[in-house]
Amino acid sequence: MDNKLLSFYKLVSTVAGLVGWPYFFWHLKSRGQGESFLPRLGLRLPKGPLPTGAPRLWLHGVSVGEIQAAIPLVAELRTLLPQAAFIISTGTETGQMLARKHFSSQGALVCYFPLDIPWAVRRYLEYLRPRVFIGLESEIWPNFLSQAHQRGVRLALVNARLSDKSLRRFLKYKRYLSGIFNLYDIVAAGSLPDYQRFQRLGIAPSRLHLTGNLKYDRLLQGRDESRLKEFREFLQATANEPELTGAPIWLAASTHPGEEELVADAFQKLLDPYPALRLVLAPRHPQRAPELARLLSRRGFTCRLWTALKSGRAAPGAPVVIVDTIGDLFTLYGAADVAFVGGSLVPHGGQNILEPAAWGRAPIYGPHLENFRWARQILEEAGAGIMVQDAATLAQSVRQLLDQPQEREEMGRRAQAALIPHQGAARRQAELVAALAQKVIA
């Protein structure tokens, strides 16, 4: 980005920050949030003392998926840089909850990431004083990157991802934006298609690396099988209906608005052949749980919230359980018999269809997987992925897997085996970051 364009962007982002804060406040409040409002505007700096150690690494993941992917990366970095201090930031409040849960106890400072407004970026960089910044997946913030670069902060983009849509947009302005992308000392692409797209943007060959995806490592390493039995017992528990004990479990995960109605339609069809079937509905945004409970109640389904069921505040036996927590979804894939992954029946781009595969569950998904084509290719080459188009084909696919348990288990084994050759991305990315960090130590 040339100086004139960067100056214009600074002006526009400053004006946006000054006049747009009411919308940002409303956006958070409409989701039942608000804690991140002042920090992200740069009006409240992170709480707590700065972490001790050197070099100081600032790792940023926008939300839950990125923070989960960061777990094996941070573990590898601690091995390679045992004296390093860590700052972990998120853009969302759900991501913040998970980051605090996992990283605060390890001595990291967990905070929010500032909006890309000049004054907010400046305050954070002056206060946190990182030596290396590590962004996960698709963190392209001109104000932040240019200010950090001017301060001598080394920049790494790991697990780097670039969709076809973003590529087309960036290519229109390539001559203006290539400078911003090349501020990164390292761009570690998570897949070959991403690597090729970054090449087309003009990333210098010395900066661009193909390392594989962190989410492979997290998936197989992050399974906690000790909770599976407990989760299944919660979901299959019945109230004075012993004939329903051991009911099959269908998990509809990471769903978005417009998909829950299709899931409900499919579930209604499935109750005829499988009257004991349990539907576990896990919306992408858990704060939507009360809204979905009302939706399903209007359809005549009895629902329980997952938190109430686990705590004993709600009686067991409801055919529908709505997940209203952060951090349980991955284990729920292992507790389920069949899994549908949302964000794919509506034009959202999909969610991570490899999570059920890690537990030996062949995922069902819709056609909108623009952000996870690499994952779809891996599974479909192994004969371990099922695409559906609507409620009717969704019900048909779930029934087929329930009707044929041996085929279901075989597809699940193929799905899990497809992940094994792709292990090691965390170590490869950590080695690149560690080499970069050594330059600031020297």
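Which residue does the side chain of E431 meet in a salt bridge? The side chain of E431 meets R427, at 3.4 Å from N to O. A salt bridge here is a side-chain nitrogen of Lys or Arg within 4 Å of a carboxyl oxygen of Asp or Glu.

Before going on, a word on the model. It is a predicted model, in which local features need pLDDT of at least 70, side-chain atom pairs count only at pLDDT 80 or more, and totals for chains, interfaces and linings use all residues. Residues are numbered from 1 along each chain as its sequence is written, and side-chain values use heavy atoms, with hydrogens and water left out.

Back to the pair. E431 and R427 are separated by about one helical turn, because they stand four residues apart in helix α20. Helices are DSSP runs of H or I with at least four residues, strands are runs of E with at least two, and both are numbered from the N terminus. E431 is partly exposed, with a relative accessible area of 42%, and R427 is partly exposed at 32%. For these words, buried means under 20% relative accessible area, exposed means over 50%, and partly exposed is in between, with a 1.4 Å probe and protein chains only.

R427 also forms a salt bridge with E76, where the closest N and O atoms are 2.9 Å apart. E76 lies in helix α3 and R427 in helix α20 (residues 425-441), so this pair ties together parts that are 351 residues apart in sequence. E76 is partly exposed, with a relative accessible area of 23%.

Next, R232 and D337. Their side chains meet in a salt bridge at 3.6 Å, N to O. This pair links distant parts of the chain, with R232 in helix α11 (residues 228-236) and D337 in the loop between α15 and β12 (338-341), 105 residues apart. R232 counts as partly exposed at 24% relative accessibility, while D337 is buried at 18%.

There is also a network of salt bridges that links D164, D194, R197 and R373. Over the whole structure, the search finds 21 salt bridges.

Now the second largest pocket. About 430 Å³ of space lies in it. A pocket is found on a 1 Å grid over the protein atoms alone, as an open set of points with protein on both sides within 12 Å along at least five of seven lines, and lining residues have an atom within 4 Å of a point. The lining of this pocket has 15 residues, and Q68, I71, H102, G222 and F330 lie nearest its centre. Helices α3 (64-80), α4 (93-103), α10 (214-221) and α15 (329-335) are the elements that give two or more residues to the lining.

T255 sits in strand β8 (residues 249-255), and T255 is buried, with a relative accessible area of 0%. Leaving out residues up to four places away in sequence, T255 touches E260, L281, A282, P283, R284, R288, F340 and G342. Contact means heavy atoms within 4.5 Å.

S146 is found in helix α6 (residues 142-150) and counts as buried at 5% relative accessibility. Beyond its neighbours within four places in sequence, S146 is in contact with L6 and L183. From S146 to A189 it is 43 residues in sequence and 21 Å in space, C-alpha to C-alpha.

Definitions and conventions: On a 1 Å grid over the protein atoms alone, a cavity is a set of points where a 1.4 Å probe fits but cannot get out, and a pocket is an open set with protein on both sides within 12 Å along at least five of seven lines; lining residues have an atom within 4 Å of a point. Grid points are joined across faces, edges and corners, and a volume is the space filled by probe spheres set on the points.
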